[in-house]
Structure formats: structure tokens, C-alpha cells
Amino acid sequence: MGCAGSSPAPAKSDKPNPVATFETSLGTFKADIYLDRVPRTASNFIDLAQSGFYNGIHFHRVIPGFMNQFGCPYAKDANSNRAGTGGPPDGEFTNLATGAAEKRFNGGNIKDENISKDTNKPGSLSMANTGQKDSGGSQFFINVNNNSNLDWFSSGPSKHPVFGQVTESYDLCVKISKVPTTNDNPKTPIMMKSITISGV
């Protein structure tokens, strides 16, 4: 069951999901990426990570008891007032589950993939968007609380599909959420040095 613009859920595979290793200026954490559940969204993230898109970008919005947001290219400048408004270039990437060509459009956005009912629980990786249909691109957030009100299948206005789950060093994600901030932006910048993907 999905919303308009969704595709049918892919057949489950026995192959383990890819693992992303996030190396930040405060330490490293790992997450499973749900290629088997949301293949378009996962493939978009994997493609961006493998291209080096995320390297050198800073966390631009961290809120204790809520989440850490990341992935805006303008946040390569840790103090940019445009942080949170950017996305990747338009173009194509390969859906790693189906082999199909997928598109990024209208400022690097992908089509919504509201097909897997994974909740925004602590440690989950979830797509950020503007609240409009098909407006997610490179930005995502890591939940540090139970934020089920953000689930695409909740009754609320926010619709954020989960595409992964932190499996190692979740405590680092909590630590990042609690750093001193100015307008939710860390006073001491926290950089993503690299995101490496294994198991693809």
C-alpha cells in the first residue's frame, strides 16, 4: 500500500543491506541502509555518498531530544545562511535493487517512496523535505527520539520516509544532538569527513 507517486514494494532479498560508515569530526557511526525496503531512496543516498557529495558538509541543524539534520551542500560553509535550502544537481542514478534509471529533478529532488512502514524511532535515518510532494533530495536527519509524528503513514502533516538505522555508535548521534548551538546550528562545526558504503 502506498501513496500517489509510490511504486510497489520490491521483493525481499536474502542479501544483507548495505552499510554506511559515517566519519565525522566527532567520531564514526554506522547504519544499515534499507535498500530492500525503499530502493529508490536508498539508491539515491548511496549514489550521493559514493560520489563524495557529502564529504565536507557540516550538520546544520541539531536539536536535543529530536534529531540531527545534514546533507545540504550549502553547509560546506558551516555558517552559511542558506544551509538547509540546497540539494544535489539534477541528473540520473541507478536503482540498485531494480536496475532502473531514476531521476533527480527540480533542484535535485527524487520521487517520494512511501511504501515501507518504518517508524521514525531513535537512530533511524529519514528523508528531509520541504513538506511538498517529491521534495526530498540529499538532506536527511537522524532521529534521537521517537518521532512517530513524522512517519509518512501517520495522520500528521509531516511525511518523512525512513531509509536506514544506526547500528553502531548511536551514542555519538545523541552527543551531536546535544552540542551547544546558535539557532540550532552547532557553535563548533561538526563536519562529515566521508560516508563510505560497503555491501553494495
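Colleague: In which helix is Ser-43 found?

Modeller: Ser-43 belongs to helix α1, which covers residues 39-50. Helices are DSSP runs of H or I with at least four residues, strands are runs of E with at least two, and both are numbered from the N terminus. The model is predicted: local features need pLDDT of at least 70 and side-chain atom pairs count only at pLDDT 80 or more, whereas totals for chains, interfaces and linings use all residues. Residues are numbered from 1 along each chain as its sequence is written, and side-chain values use heavy atoms, with hydrogens and water left out.

Colleague: Why does Ser-43 count as buried?

Modeller: Buried means under 20% relative accessible area, exposed means over 50%, and partly exposed lies in between, using a 1.4 Å probe and protein chains only. Ser-43 has 1% relative accessibility and therefore counts as buried.

Colleague: Which residues does Ser-43 touch, not counting those up to four places away in sequence?

Modeller: Ser-43 touches Leu-35, Phe-93, Thr-94, Asn-95, Leu-96 and Ala-97. The criterion for a contact is heavy atoms within 4.5 Å.

Colleague: What makes Phe-45 and Phe-140 an aromatic pair, and of which kind?

Modeller: Rings of Phe, Tyr and Trp (its six-membered ring) pair if their centres lie within 6.5 Å; planes under 30 degrees apart count as stacked, over 60 as edge-to-face and the rest as tilted. Phe-45 and Phe-140 are 5.6 Å apart centre to centre with 85 degrees between the planes, and the pair is edge-to-face. Phe-45 lies in helix α1 and Phe-140 in strand β8 (residues 140-143), so this pair ties together parts that are 95 residues apart in sequence. Both Phe-45 and Phe-140 are buried.

Colleague: How many aromatic pairs does the structure hold, and which residues do ring pairs link into a cluster?

Modeller: There are 13 aromatic pairs. Phe-22, Phe-29, Phe-45, Phe-53, Tyr-54, Phe-59, Phe-70, Phe-140 and Phe-163 are linked into a cluster by ring pairs.

Colleague: How many disulfides does the structure hold, and where is the nearest cysteine sulfur to that of Cys-72?

Modeller: The structure holds zero disulfides. The sulfur nearest to that of Cys-72 belongs to Cys-173, 20 Å away, and Cys-72 is in no disulfide. Cys-173 is likewise in no disulfide. A disulfide requires a pair of cysteine sulfur atoms within 2.5 Å. Cys-72 counts as buried at 0% relative accessibility, and Cys-173 counts as buried at 1%.

Colleague: Why does Arg-82 count as partly exposed, and which residues is it in contact with beyond four places in sequence?

Modeller: Arg-82 is partly exposed because its relative accessible area is 45%. Arg-82 is found in the loop between β4 (67-70) and β5 (91-94), and is in contact with Cys-72 and Tyr-74. Arg-82 and Cys-72 are ten residues apart in sequence and 8.8 Å apart in space, C-alpha to C-alpha.

Colleague: Why does Asn-183 count as exposed, and what is its phi?

Modeller: Asn-183 has 74% relative accessibility and so counts as exposed. Its phi is near 50 degrees, a positive value in a residue other than glycine. Asn-183 is found in the loop between β10 (181-182) and β11 (185-186).
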